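The sequence and the structure are shown first.

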Amino acid sequence: MSSTTGPDPAKGPDPAKDVDDAGDVTGFAELALRPGLLRSLAALGYEEPTPIQREAVPPLLTGRDLLGQAATGTGKTAAFALPLLNRLADARDGDHGPQALVLVPTRELAIQVSEAIHRYGRDLGARVLPVYGGAPIGRQVRALLQGIDVVVATPGRALDHMGRGTLRLDDLDTVVLDEADEMLDMGFADDIEAILEQAPEGRQTVLFSATLPPRMDEIARRHLRDPVRIQIARAAQEPGATPLVRQVSYIVPRAYKTAALGRILDVESPRSAIVFCRTREEVDQLADSLNGRGYRAESLHGGMSQEQRERVMEKLRTATADLLVATDVAARGLDLEQLTHVVNYSVPSAPDSYVHRIGRVGRAGREGVAITLAEPREHRMLKTIERVTRQRIAVEKVPTIADLHARRLELTRAALQESLLEDDLERFRVVVETLTDEFDPMEIALAAVKLAHDASYVPDGMDDIPDLPPTTGGRNERAGRDGAGRRDRRPPSGGMARLFVGAGRGAGVRPQDLVGAITGETRLSGRDIGAIEIAQRFSLVEVPDGAADDVIASLRGTTIKGRRVAVRRERQDSR
Ligand code: AMP
C-alpha cells in the first residue's frame with residue numbers, strides 16, 4: 001500500500017472537501033470510508049450505497065464476519081470490497097503476503113471482481129491481482145512475489161499457488177467467498193475448506209451467496225465467527241402493494257443493451273418514459289445514444305445543478321422531451337403525470353428499489369409498463385424480485401428487425417388513419433387530381449404512404465442482437481430439445497463447434513459444471529459458450545470453433561465432478 005489517509009498536499013485540496021463538492025455522495029460519506037475511497041466512488045458516478053452496501057459495510061468496517069445472501073446486481077462486490085480496501089495498511093514493502101483474498105468460482109468473475117476492486121482502490125494505490133487456472137502461472141508468480149494487497153482467485157489456482165509458496169496466507173486480514181453457492185456447485189467445497197483451514201485464525205471472513213444450501217451452512221458454522229447475517233430480499237412487499245403493470249424483461253449481453261433498448265422503445269412507442277441507470281456516466285452516455293437514435297431524451301442525475309434540473313423538468317412538462325434518463329437519487333420525489341413506461345436499464349440493486357421505480361406507472365388505472373434489461377448473469381436477481389413482489393416478470397425476446405419493420409408500418413398506418421379522420425386534407429386534392437391523369441389512385445396512395453413512412457424512419461443500427469438465455473438456470477432450457485421434447489439435430493450454431501464430453505446426468509453433471517470447467521481452464525467466458533445438452537451418459541457443449549482444440553486440451557487435463565473424462569469433437573454417432 002502506498003496510500004495516505006489524511007489530506008495529501010501533493011493531491012491539492014482537502015480530499016474530504018473534494019467529496020463534498022462531488023455532490024450527492026453523502027450516502028457513502030455516512031459509511032465512514034476513507035476519503036480516497038469516497039473520491040473513487042464519486043469519480044465512478046455512484047450516488048448512494050445500494051441496500052446491501054448500506055447494511056454490510058458498517059459491520060464489516062468493525063471487523064465482524066458476515067454471511068450475506070445476495071445475487072449479482074445488488075452491488076455486493078463493492079459491499080465487501082470497500083471495507084477490505086478501507087482496512088488495507090498504509091505503505092508496506094513487498095515482503096508481505098496479501099491482506100485480502102477473494103475466492104470466486106470462475107476466471108471471468110475473478111477478472112471482473114479484480115477490476116472492480118482496482119477501480120475502488122485506485123486512489124489508495126491498492127495492488128490487486130486476479131489469479132485463475134488456464135493462464136500461464138509464471139506471470140502470476142512474478143506478480144505475487146512483487147507484492148500484492150488483494151488477490152482474487154479461483155480456489156484451485158489459489159491452492160496451487162499456496163502449494164508453491166507463492167501465495168502466503170499469514171498476513172491475511174480478510175477472506176471473502178463470493179458466489180459461494182456456485183463454487184460449491186462446481187465442486188470446490190474441499191478446496192475452500194482447505195484454504196480456510198490455512199488462513200490465520202483472527203482473520204475476518206465474509207461469505208456472499210445467492211442461495212444457502214446445507215453444505216454452505218456447514219462451512220459458515222465452521223469458519224465464520226458469529227457472523228452478521230444479511231438477506232437482501234428480506235423486505236417482503238405487502239401483497240397488492242405493487243401496482244398492476246405489465247412487467248417484462250429482456251436478457252441482453254451488456255454490449256447490446258443500448259441497441260436492444262432502442263428496439264424495445266421503438267416497438268413500445270411510449271408516450272412518456274423514465275429510464276433508470278445505475279450511475280451518472282451511464283445516464284449521460286445512454287441519453288446521448290438515445291438522442292442519436294431520434295428520441296428526445298434528457299438526463300437527470302445528482303451531478304446537475306438545480307437550474308439544469310429545472311430546465312429538464314420543464315421540457316418534460318411541456319412534452320418537448322419524451323424520455324427521462326435518470327439515477328434513482330435524481331428521480332426521487334419526481335411525479336410525472338403522463339408516465340406510461342418505466343425502464344430499468346440495469347436490474348435494480350434490490351427488490352424494494354424495483355417496486356419503488358415501477359410504482360411510478362399504472363396509477364389511477366392508467367396504462368403502465370415496466371421493462372427490465374438484465375445481463376445473463378443478473379437472471380437470479382430477477383427471480384428474487386419476482387419472489388419478493390410475488391409477481392411474474394415475463395422474459396421476452398428482443399424485437400427482431402422484422403418486428404421493427406412491422407411495428408413501424410403499423411405506426412404509419414395509425415398516423416394515416418388519424419389524419420384521414422381528423423385533418424382537413426382538401427388543400428392536397430389538387431395534387432392527387434393532377435396525378436390521377438397518369439396514375440392509378442392506389443399507386444398514388446402507395447407513394448404517399450412510402451413518403452410518410454420514410455419521413456418517420458430512424459435507422460436502427462441493425463446490429464444483430466444475440467438471443468441469449470440467462471447464464472444461471474437457463475442453459476438446460478436450450479439444451480437442444482424443441483418444445484415437444486424431441487431431440488434437435490441441428491448442426492452447431494455458426495462459428496461454433498460441438499464437443500462431446502464423456503460424462504452426463506448419470507455422473508451428476510449440470511450445465512454450470514461444464515461452464516465452470518471451461519471458463520476456469522481456458523480464456524473463454526460464460527458468454528462465449530453456446531448450447532449445452534446433458535444426456536444420461538454424456539454431454540454436448542458448443543464452443544467457438546477457433547477455441548475448440550484449446551478447450552479439448554484443457555478439459556482433458558482437468559476433472560469434471562471429480563473425475564477425468566473423455567473430451568473430443570462430436571462425431572455423428574455421439575448421440
Ligand atoms: P455487483 O452486484 O457487485 O455485480 O454490482 C452490480 C453493478 O452495480 C456493477 O456494475 C457496479 O458497478 C454497480 N454498482 C455497485 N454499487 C453501486 C452504487 N452504489 N451505485 C451505482 N452503481 C453501483
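## Overall make-up

The secondary structure of the chain comes to 22 helices and 18 strands, in what is a predicted model. The chain has 575 residues, of which 53% count as buried.

Among the contacts in the chain with a separation of 6 or more, 76% are accounted for by residues 24 or more positions apart.

## Salt bridges between separate parts of the chain

Lys-257 forms a salt bridge with Glu-375, with 3.6 Å between the closest N and O atoms.

In another salt bridge, the side chains of Arg-357 and Asp-328 meet at 2.8 Å, N to O.

Glu-218 and Arg-222 form a salt bridge in which the closest N and O atoms are 3.6 Å apart. Both residues lie in helix α11 (residues 214–223), where they are four residues apart, about one turn of the helix. Glu-218 has a relative accessible area of 32% and is therefore partly exposed, and Arg-222, at 49% relative accessibility, also counts as partly exposed.

This pair is part of a network of salt bridges that links Asp-190, Glu-193, Arg-215, Glu-218 and Arg-222.

## Surface patches

A nonpolar surface patch of about 680 Å² is made by Leu-420, Leu-425, Phe-428, Val-430, Val-431, Val-432, Leu-435 and Phe-439. Helix α19 (residues 429–436) gives the most to this patch, with four residues. Phe-428, one of the patch residues, is found in the loop between α18 and α19, and at 41% relative accessibility it counts as partly exposed.

A negative surface patch is formed by Glu-418, Glu-422, Asp-423 and Asp-424. Of these residues, Glu-418 lies in helix α18 (residues 401–422), and its relative accessibility of 49% is why it counts as partly exposed.

Leu-61 is found in helix α4, which covers residues 51–61, and counts as partly exposed at 25% relative accessibility. When residues up to four places away in sequence are not counted, Leu-61 touches Leu-31, Ala-32, Leu-33, Pro-83 and Asn-86. The C-alpha atoms of Leu-61 and Leu-84 are 7.9 Å apart in space, while the two residues are 23 residues apart in sequence.

Glu-55 also has its place in helix α4, and with a relative accessible area of 29% it is partly exposed. Between the C-alpha atoms of Glu-55 and Val-228 there is a separation of 9.7 Å, although these residues are 173 residues apart along the chain.

## Residues with a positive phi

Most residues other than glycine have a negative phi. Against that background, Ala-32, which is not a glycine, has a positive phi of about 60 degrees. Ala-32, one of the residues that Leu-61 touches, lies in the loop between α2 (26–29) and α3 (35–44), and its relative accessible area of 56% is the reason it is classed as exposed.

Arg-390 likewise has a positive phi, near 55 degrees. The place of Arg-390 is the loop between α17 (379–389) and β14 (394–395), and at 56% relative accessibility Arg-390 counts as exposed.

Notes
Residues are numbered from 1 along each chain as its sequence is written. This is a predicted model: local features need pLDDT of at least 70, side-chain atom pairs count only at pLDDT 80 or more; totals for chains, interfaces and linings use all residues. Side-chain values use heavy atoms; hydrogens and water are left out. Patches are made of residues with over 30% relative accessible area and no salt bridge: like charges are joined within 9 Å, nonpolar side chains (Val, Leu, Ile, Met, Phe, Trp, Tyr) within 5 Å. Accessible areas come from the Shrake-Rupley method with a 1.4 Å probe; for residues, only the protein chains shown count as cover. A salt bridge is a side-chain nitrogen of Lys or Arg within 4 Å of a carboxyl oxygen of Asp or Glu. Lys and Arg count as positive and Asp and Glu as negative; His and the chain ends are not counted. The place of a charge is taken as NZ of Lys, CZ of Arg, CG of Asp or CD of Glu. Helices (H or I, at least four residues) and strands (E, at least two) are DSSP runs, numbered from the N terminus. Buried means under 20% relative accessible area, exposed over 50%, partly exposed in between (1.4 Å probe, protein chains only). Contact means heavy atoms within 4.5 Å.
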